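The sequence and structure come first.

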Amino acid sequence: MAFLDSFIEERAPEWIALRRQFHADAELGFTEYATATRLAERLSSLGFEVRVGTEVMQSESMRGKPPPASIAARQAIAREHVNNAQRWLTGMPDGQTGIIAEMRRGDGPVTALRFDIDALPILESDAHGHAPSQGAYRSHNHGVMHACGHDGHAAIGVGVAEWLSQPESDWRGTVRLIFQPAEEGGRGAKPMADAGVVDDVDYFFAAHLGTGLGSGKIGAAGVSMLYSTKLDVQFHGLASHAGGNPHGGRNALLAGAAAVQNLHAIARHSGGASRVNVGKMVSGEGRNITAAHCLLEMEVRGETEEVADYMEARARTVIEAAASMHDVEFEVEVVGQTIGGPFDERAQAIVADAAADTPGVDEVLPTWRLTGGEDAPFFMRRVQARGGAAVYFVIGSDLAAYHHANNFDFDEASIATGVGVYARVVERAARQNT
């Protein structure tokens, strides 16, 4: 352990610098080309066998893909700013920005660690008290921000990779690092799981920074993840002159407004927590034109699959009724999904034991309640279905503001803590009987 602790102490400033680079180059899901190529090049240089894109993602399972122009724009930025980017871009043709980095060291279990890498469509605060603004690593990608900590997750993944590559590190078997795109919106895990990247995994671990748990604390298993379905709703009406021919139009904006009001009025289910949110509404061409189109970007959530299914069914009824009331056409597209997933006590015990032995950790909680959704359970369930053990845990980190706020930031000392816990998790998993 002395080697691991001294290694982390020495390397931690470089991992913080890397996190700040990721933060400045924030990229949305399925467009993380600068992030992904930078990671692939770094991991390859450490001696990992690296697979990307079409090798590790099933295209048919990808939902909510960005338009081709957005993909091309981020690919061009990667070519311009990342050394040897084209080496990796060839294998990432259509938003397939996932990465698998694998290293083997003799016989032993297959251990998979997942790190998500995408950002959010948020304009980052430029307030003086916001650390990225003060430190000149505020997002350079206007309207896109790492407001959830995935930049920290990516930096932790690199730190773990550096430790794994050291001859002095104490582990055996196979370690597979999964750098996953598009966690936001529940879109990136399923295409990778469907591609079979965890089908031979004995132990699977994923983690999140923060989530309301303070620095120095570890939640050995995250619980109460919400099921969710992300929907894009399009209403199609008919434009008309709002003054001269108002009766000749069919108002898609009014249909959308009626839907929004009534979606938020859906009666809640007694079987568990539920959520509904319309986060974006876009409609209209001008003040004197009956709106012919309206887009809603929305989601429903539920504590159980039954509650989530109820919320989605009620939402679809509301949408159909709003369209009928205003005599417009409509279409609903599922663009993302998250599911719940039970953790395995074997994996939870490994995390708890590893965390208790990690410098800087002063409290290990058996569980920590999560109030959002995650798509890591797509990996977890696939591993569990084949006899493996899986857990999603929490790395405590003091936050400047809660996740998805435009002034979000986390305690960067938590990066070193995360590397320390993950490294010890790998060591302990390697000693398990499979």
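## Cores, pocket and backbone

Outside the four places on either side in sequence, leucine 177 makes contact with Leu43, Phe48, Ile99, Ile100, Ala101, Leu113, Phe115, Gly157, Ala161 and Leu164. The model is a predicted one. Leu177 is, with Ile99, Phe205 and Tyr422, among the residues with the most contacts inside the largest nonpolar core, which has 74 residues. Helix 12 (residues 413–430) contributes the most to this core, giving 9 residues. Another core, of 32 residues, lies apart from it and includes Phe30, Val197, Val383 and Tyr392. In soluble globular proteins, nonpolar side chains tend to be buried together.

The largest pocket has a volume of about 1,600 Å³. Its lining comprises 48 residues, and the closest to the pocket centre are Leu120, Pro121, Glu184, Gly185 and His404. Two or more lining residues come from each of helix 3 (68–81), strand 8 (227–236), strand 9 (274–283), strand 10 (293–302) and strand 11 (329–338). By class, the lining has 16 nonpolar, 17 polar and 15 charged residues.

Most residues other than glycine have a negative phi.

| Residue | Phi |
|---|---|
| Threonine 211 | positive, about 55 degrees |
| Histidine 404 | positive, about 75 degrees |

Threonine 211 sits in the loop between strand 5 (203–209) and strand 6 (217–219). Its relative accessibility is 13%, so threonine 211 counts as buried. Histidine 404 belongs to the loop between strand 15 (399–401) and strand 16 (409–410). With 40% relative accessibility, histidine 404 counts as partly exposed.

Conventions
Residues are numbered from 1 along each chain as its sequence is written. This is a predicted model: local features need pLDDT of at least 70, side-chain atom pairs count only at pLDDT 80 or more; totals for chains, interfaces and linings use all residues. Side-chain values use heavy atoms; hydrogens and water are left out. On a 1 Å grid over the protein atoms alone, a cavity is a set of points where a 1.4 Å probe fits but cannot get out, and a pocket is an open set with protein on both sides within 12 Å along at least five of seven lines; lining residues have an atom within 4 Å of a point. Grid points are joined across faces, edges and corners, and a volume is the space filled by probe spheres set on the points. Helices (H or I, at least four residues) and strands (E, at least two) are DSSP runs, numbered from the N terminus. Ala, Val, Leu, Ile, Met, Phe, Trp, Tyr, Cys and Pro count as nonpolar, Asp, Glu, Lys and Arg as charged, and the others, Gly among them, as polar. A nonpolar core is a set of buried Ala, Val, Leu, Ile, Met, Phe, Trp, Tyr and Cys residues joined through side-chain atoms within 4.5 Å. Buried means under 20% relative accessible area, exposed over 50%, partly exposed in between (1.4 Å probe, protein chains only). Contact means heavy atoms within 4.5 Å.
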